[in-house]
Amino acid sequence: MFDSFAALFTHNRKNQPQGKIFATFNDRVLTYGQLDDLTARGCTLFAKRGLKQGDRVVILSRDDLAVTVLFFSCLRYGLTAVILNPDGGKAEHENLIRAAKPSLQMMDIEFIATLKPVADQSAAISVGATHKQAGMLDK
């Protein structure tokens with residue numbers, strides 16, 4: 001029906017009521033309008049960092065809402081999202097990051113601190129810092 005996720009987002013923006021709930025995360029609600037806005041901001045962040053279609057982005061966070069928005073941002077921009085289980089442990093995270101060879105790593109600060117040998121500091125950014133910089137997902 002749609003040839004890309006960008007086309008799907010355009011369709012939803014035109015056809016879904018912006019206040020219609022897309023998902024609920026504990027006490028936080030994400031509407032289609034918010035998802036569209038936040039993923040557009042995510043795409044702007046990816047463009048500013050020089051990412052191109054097909055690049056891999058590691059996402060490692062305990063925040064389900066952040067993971068969802070970052071995942072859909074990746075799809076919208078044409079990136080491959082590699083979502084790691086936050087409970088996977090350091091060895092598993094290190095192995096998966098090495099195997100993925102990501103262009104960008106988006107992690108909770110706790111993971112950046114423990115994965116220093118693998119997390120290229122120039123390419124690893126905190127999920128919380130990302131939200132603040134891009135005006136995303138303020139709690």
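1. Helix axes here are lines fitted to C-alpha atoms over the stretch in contact, and angles run from 0 to 180 degrees between N-to-C directions. Helices are DSSP runs (H or I, at least four residues), strands likewise (E, at least two), numbered from the N terminus. The model is predicted: local features need pLDDT of at least 70, side-chain atom pairs count only at pLDDT 80 or more, and totals for chains, interfaces and linings use all residues. Residues are numbered from 1 along each chain, and side-chain values use heavy atoms, without hydrogens or water.

2. The axes of α2 (residues 32-48) and α3 (residues 64-77) come within 8 Å and cross at roughly 65°. The crossing is right-handed (the near helix is turned clockwise from the far one by less than a right angle). Contact means heavy atoms within 4.5 Å.

3. Helix α4 (residues 90-100) has H93, E94, I97 and A100 buried (under 20% relative accessible area, 1.4 Å probe, protein chains only; exposed is over 50%). They lie on the same side of α4 because they cover an arc of only 140° around the axis, taken from the directions to the C-beta atoms. The face turned away carries exposed A91, N95 and A99.

4. The buried residues of α4 pack against β3 (56-60), β4 (80-83), β5 (104-107) and α5 (109-114). K101 follows α4, with a positive phi near 50°.
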